[in-house]
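Colleague: Before we rely on the labels attached to this predicted model, I would like to go through a few of them with you and ask what each one rests on.

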Amino acid sequence: MEMDKDESLQQVDLSKISEDSMSPDMTLEAALKECSTALNLFLNNRFSDALGLLKPWRSRSTYHAMGYSSILVMQAGMTFEPKDMNAAMASLGESLQTCQRFRKKTGIVETLTSLWSRQPADNLTEEEMHAELCYAEILLQKAFLTFLDESIIGFIKGGMRIRNSYQIFKDCQAMANVTKDMEKQKSMYIHFKGGVNMGIGSFNLMLSLLPSKVLRLMEFLGFSGDREMGLSELREGAAGNSLRSILSTLTLLMFHLYITVILGTGEGNLNESEALLEPYVEKFPNGALILFYTARISLLKGNFTFAQEKFLACIAAQEEWRQIHHLCYWELMWAYSFEQNWREAYRYADLLCKESKWSQATYTFQKAAILSMLPEEEVTELGENVGEIFRQVEGLRLRIAGKSIPTEKFAASKAQRYASSTPVKLVVPALEMMYVWNGFSVVGKRPELTKSILTTLEKAEEQLKDDQNPSVYHVDDQCVVQLLKGLCLRQMGHLEQAELCFDHVISSENEIKYDNYLVPFSKYELGLLHKQKGDFITAITTMENIKTNHRDYNMESRLHFRIHAVLNTMGSFSAKFPPSRTPA
């Protein structure tokens, strides 16, 4: 909701707010206005003040309830601390009860029957319509936290809540379409429509990422995974003047700057991201979230020095939520890794190990992997023991819904060789993890840095060739180097040499003993190379071959997401294949 930043913040006097001093009721219009003020506080790094403004009304206003819980959920999602998770879960339960009191007692199904029959739109009051919307949003947040419960029951509960949330969003969309002519003149309608844009858009966009077989199942269950619809709804929501405009903006930024990079082709829409962020940069120049995304955009553009400056500015902007610092540490670790400034990269990996609870196994592996890239005398100087750090990885792994986290599983499998009484060093583990996170597509924006990484890989290649006493990991290590060499060469435009590297790995399939991901991922990169050459048919055939001939390898799901993303970019060609050969 647009509001003069200084005016809205100056009006807040939290010392005068108490539950005893409040009148028993708050109008919907007043609630929206106050929640907009709380949002401005939040975006200006005044997190406790935002909570303080929302807390007194959280049991009497659907928007205060949703806003209060949303901040606690965000905090819990970043800290991963049990006390924060429990506080957020309890608050969500209370918020659902608050919304339930304002929902129409006859139920949404009966109401929609009349709406579809073109009955008067006042079957639901404005307050009841907004209560439905807030209920769906809170239910979705509760599903997110439930997924983090380490049990199958938690996973099932989360799935059921997601389905219920989606159905209510669909019902709200139907209400918005029917009531738009009568309601569009009312100032509060834009907030309802903005919430529908955000909910429907997010569901369609996220589900569109799923491989086709899974998506078809989800659509059979009543979900929709239309990417263009999702983007369109979110863009409409982001361009609007509603309380949830920032949520649609943040969802689009997350999609362009993270999801498409990690689970897609590595190419996010940076121009749209900059345009989306621009009005918030002007309004909240020192807001930690705004600084963070400004830095992330610069990182993906290859402007690593500027990105580093902005991440440091983000850290300096506030101390209250140190978990935002941890996000910056992760990004700074990669920004310096792309430059092969391993000493600085180690510094931030070490801070993550000491401060963040999110994925200790991943952080610990990263720390050891980065140290492996430094000369042994520097490692000794830092007082570290690489082997001991690698041996800690297995014991730090998490399980969600009884399942291992794929990246942690991969890290633990790589670290396993240090568990032996005669450990065998990993060759270029930090560069290998860079590939896992699709970092080569980022560093590829800087040809001189890509060439520098290629030089490092060629040195590793020579050392393996000169090894007079090859270990059982020798072929695996050679193939890791060839895969990464191929990536660099392809980024530099040396396609024939890159193809030789990928073919070397693929032809070594029967000799690879441990790194079972190498052949399918090399085929994927070979497919991208054919796409780059304009040979879409060969590219698609290569991608399909992976799904047909490879199973049960490390990071299989991640590769399937990436294959799905690439096939989407070749849609008209992919569609020409018979059903048995379309993406799985």
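Colleague: Let us begin with the second largest pocket: which helices each supply at least two residues of its lining?

Modeller: Those helices are α18 (360–372), α19 (376–381), α20 (386–392), α24 (447–466) and α25 (474–491). The largest share, five residues, comes from α24. The space in this pocket comes to about 730 Å³, and of the 27 residues that line the pocket, Ser 372, Lys 425, Leu 426, Val 427 and Gln 463 are the closest to its centre. By class, the lining divides into 13 nonpolar, eight polar and six charged residues.

Colleague: Why is Asn 45 called buried?

Modeller: The term is kept for residues under 20% relative accessible area, and Asn 45, at 11% relative accessibility, therefore counts as buried. Asn 45 is found in the loop between α2 (28–43) and α3 (47–54), and it has a positive phi of about 70 degrees although it is not a glycine.

Colleague: What makes Gln 340 buried or exposed?

Modeller: Exposed would require over 50% relative accessible area, and buried requires under 20%; the value for Gln 340 is 16%, so Gln 340 is buried. Its place is in the loop between α16 (322–338) and α17 (342–355), and Gln 340, although not a glycine, has a positive phi of about 55 degrees.

Colleague: How do you know that Phe 440 touches Leu 431?

Modeller: A contact is defined by heavy atoms within 4.5 Å, and on that basis Phe 440 touches Leu 431, Met 434, Tyr 435, Ile 453, Leu 484, Leu 487, Cys 488 and Gln 491, with residues up to four places away in sequence not counted. Within the largest nonpolar core, which has 177 residues, Leu 431 and Phe 440 touch the most other members.

Colleague: What makes the space lined by Met 26, Thr 27 and Leu 28, among others, a cavity?

Modeller: A cavity is a set of points where a 1.4 Å probe fits but cannot get out, whereas a pocket is open.

Definitions and conventions. Residues are numbered from 1 along each chain as its sequence is written. This is a predicted model: local features need pLDDT of at least 70, side-chain atom pairs count only at pLDDT 80 or more; totals for chains, interfaces and linings use all residues. Side-chain values use heavy atoms; hydrogens and water are left out. A nonpolar core is a set of buried Ala, Val, Leu, Ile, Met, Phe, Trp, Tyr and Cys residues joined through side-chain atoms within 4.5 Å. Buried means under 20% relative accessible area, exposed over 50%, partly exposed in between (1.4 Å probe, protein chains only). Helices (H or I, at least four residues) and strands (E, at least two) are DSSP runs, numbered from the N terminus. On a 1 Å grid over the protein atoms alone, a cavity is a set of points where a 1.4 Å probe fits but cannot get out, and a pocket is an open set with protein on both sides within 12 Å along at least five of seven lines; lining residues have an atom within 4 Å of a point. Grid points are joined across faces, edges and corners, and a volume is the space filled by probe spheres set on the points. Ala, Val, Leu, Ile, Met, Phe, Trp, Tyr, Cys and Pro count as nonpolar, Asp, Glu, Lys and Arg as charged, and the others, Gly among them, as polar.
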